[in-house]
Amino acid sequence: MIAASSQFTNRFPPIVLDCACCEQRLADGADYCPNCETPASVSHSVATRVGEQNFISVLGASNAGKTVYLGLLLDILTNGPEEFRGTATSAFCVDLQEQVITALEQRRFPEKTAAEADTWNWLHCHIAMSAKKDTRHVDLISPDFAGEAIAMEVNQAGMYPAIQCVVGKSSGLMILCDSMRVRDAGSSEDLFALKLASYIAQMHGQGRNSGSGRGTEPSIAVVFTKCDGCPEAVDAPRDFAANNTPRLFEFCRRTFTRHAFFAASVAGSSGVLTDAAGRTSRVPFDVQPSGILEPVQWLVAGG
């Protein structure tokens, strides 16, 4: 994971500014929120926008593909069709896009996201959606959480306040699952995804009671990633979920009115390389994104 962007340390004109994540008042000149470590640059970017804003959280286990998904998503949005096109709202948003695209062009995947919250990249993208004669504008806000941090937060809520606050504020959430691990690793992936879904339900239940959340039920998109190596997930994502993640499937069915299953991949094909020391790493042989945009379109449309 690259270090925190220098954009995050810029000083802004003295204005009254609340944290975009936890809504705590920020001191003049603060670089990060003292409560949740959200960069002040993110809060400043959000505060200067008008109109509808949607937090979308992307959760998943370590190596589920969250960083690659978010970086490629912004790249696809900026080159998307007029009906659904996005624009980065600030220079700091491009850091994640640059990191991912540069790595993929070099036929490698980017480094894992570090667990320290002050190194996380944030995506803040203005999306224009055209339908018939109307154009709807939405600001999409999504941080690139580290998988290890997500796991620790799910096991002990409050360890990472940024995750807790963003999940509680999110109108839509994605649970990313490595399709090959889901297929090959037995129940472990299903159980971890179930923990994520349970955490989401818990955070939104607390939000309604405390007044800190949105007070509405979120839309849940379960996205099976790396499907270049798991075509059965592409053919029928819902059936794949029912057969391979039955606990998650049943929990979503009983808990979330708006939920759906998707399949996505970044590489047309990939493989595992082993170095002289015996370390293995997966590399993309070519980049052929598939299914990246559909979950976001579904979430932003409200399911």
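These legends walk through several close-up views of the structure above. The model is a predicted one, in which local features need pLDDT of at least 70 and side-chain atom pairs count only at pLDDT 80 or more, while totals for chains, interfaces and linings use all residues. Residues are numbered from 1 along each chain as its sequence is written, and side-chain values use heavy atoms, with hydrogens and water left out.

View 1. Lys66 is a buried residue without a salt bridge. Lys66 belongs to helix 2, residues 66-78. Helices here are DSSP runs of H or I with at least four residues, strands are runs of E with at least two, and both are numbered from the N terminus. Buried means under 20% relative accessible area, exposed means over 50%, and partly exposed is in between, using a 1.4 Å probe and protein chains only. A salt bridge needs a side-chain nitrogen of Lys or Arg within 4 Å of a carboxyl oxygen of Asp or Glu. Lys and Arg count as positive and Asp and Glu as negative, with His and the chain ends not counted. For Lys66, the nearest side chain of opposite charge is Asp144, 6.2 Å away. Helix 2 meets helix 3, residues 94-105. Their axes come within 8 Å and cross at roughly 100°, which makes helix 2 roughly perpendicular to helix 3. Axes are lines fitted to C-alpha atoms, for helices over the stretch in contact, and angles run from 0 to 180 degrees between N-to-C directions. Angles of 65 to 115 degrees count as roughly perpendicular, under 35 as roughly parallel, over 145 as roughly antiparallel and the rest as oblique. Among the residues that meet are Leu70 and Leu74 in helix 2 and Val100 and Leu104 in helix 3. The residues of this contact divide into eight nonpolar, five polar and one charged. Ala, Val, Leu, Ile, Met, Phe, Trp, Tyr, Cys and Pro count as nonpolar, Asp, Glu, Lys and Arg as charged, and the others, Gly among them, as polar.

**View 2. Helix 2 also meets helix 11, residues 293-300.** Here the axes come within 10 Å and cross at roughly 80°, so helix 2 and helix 11 are roughly perpendicular to each other. Tyr69, Leu73, Ile76 and Leu77 in helix 2 meet Leu293, Pro295 and Val296 in helix 11. This contact has seven nonpolar residues, no polar and no charged.

**View 3. Helix 1, residues 40-47, is mostly covered.** Seven of its eight residues are buried, including His44 and Val46. What covers the buried residues of helix 1 includes strand 3 (52-60) and strand 5 (122-131).

**View 4. Lys112 and Glu148 meet in a salt bridge.** The distance from N to O is 2.7 Å. Lys112 lies in the loop between helix 3 and strand 5 and Glu148 in helix 4 (residues 147-155), so the pair ties together parts that are 36 residues apart in sequence. Lys112 is partly exposed at 43% relative accessible area, and Glu148 is partly exposed at 29%.

**View 5. Arg254 forms a salt bridge with Glu250.** The closest N and O atoms are 3.7 Å apart. Arg254 and Glu250 are four residues apart in helix 10 (residues 246-255), so about one helical turn separates them. Arg254 is exposed, with a relative accessible area of 56%.

Note on methods. Contact means heavy atoms within 4.5 Å.
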